[in-house]
Amino acid sequence: MGYYKPCEELTRCHALDDFWNNKEFEKWTKGYLEIAEETAYPLAECQVGYAYLEGIGVEKDLEKSLYWTKRAAEHGDRDGQFNLGWMYEKGLGVGMDVKEALFWYEKAAVQEQKQ
């Protein structure tokens with residue numbers, strides 16, 4: 001995640017690493033959810049989407065996963081863009097849509113080249 005610019009939100013996100021390392025996944029997800037709701041920070045939104053996709057610290061919920069992943073993607077998070085493409089490709093929480101999947105994969109790939 002070295003492509004995020006230093007900022008207060010990133011510092012808050014990194015502070016949650018201890019919860020992950022200690023396998024306190026409910027606290028990890030809750031922390032990211034608070035940041036996402038308060039600031040719309042793309043990294044936090046992406047992590048919340050992933051948590052709901054995999055059931056990390058919360059019950060699996062594809063609808064919530066799609067919501068947060070899409071927000072992250074729209075806010076420019078390349079991991080969120082890739083994940084959203086994958087969700088469209090596999091039909092996770094959304095109807096399978098190859099064109100939409102390619103759109104998000106390409107956005108993530110082009111952004112990667114800019115870094």
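Hi everyone, let's start with helix 5 (residues 62-74) and helix 6 (residues 78-90): their axes come within 8 Å and cross at roughly 135 degrees. That makes helix 5 oblique to helix 6, since angles under 35 degrees count as roughly parallel, over 145 as roughly antiparallel, 65 to 115 as roughly perpendicular and the rest as oblique. Axes here are lines fitted to C-alpha atoms, for helices over the stretch in contact, with angles running from 0 to 180 degrees between N-to-C directions. Helices are DSSP runs (H or I, at least four residues), numbered from the N terminus.

A word on the source: this is a predicted model, where local features need pLDDT of at least 70 and side-chain atom pairs count only at pLDDT 80 or more, while totals for chains, interfaces and linings use all residues. Residues are numbered from 1 along each chain as its sequence is written, and side-chain values use heavy atoms, leaving out hydrogens and water.

Back to our pair. On the helix 5 side, L62, S65, L66, T69, K70, A72 and A73 meet G80, Q81, N83, L84, M87 and Y88 of helix 6, contact meaning heavy atoms within 4.5 Å.

Now the other pair. Helix 1 (residues 8-15) packs against helix 3 (residues 25-39) at an angle of about 165 degrees, the axes being 10 Å apart. Helix 1 and helix 3 are therefore roughly antiparallel. E9, R12 and C13 of helix 1 touch Y32, I35, E38 and T39 of helix 3.

Finally, which residues lie nearest the centre of the largest pocket? They are Y3, Y4, K5, P42 and G76, among 10 lining residues. By class, that lining has 4 nonpolar, 4 polar and 2 charged residues. Thanks, everyone!

Terms used. Helices (H or I, at least four residues) and strands (E, at least two) are DSSP runs, numbered from the N terminus. On a 1 Å grid over the protein atoms alone, a cavity is a set of points where a 1.4 Å probe fits but cannot get out, and a pocket is an open set with protein on both sides within 12 Å along at least five of seven lines; lining residues have an atom within 4 Å of a point. Ala, Val, Leu, Ile, Met, Phe, Trp, Tyr, Cys and Pro count as nonpolar, Asp, Glu, Lys and Arg as charged, and the others, Gly among them, as polar.
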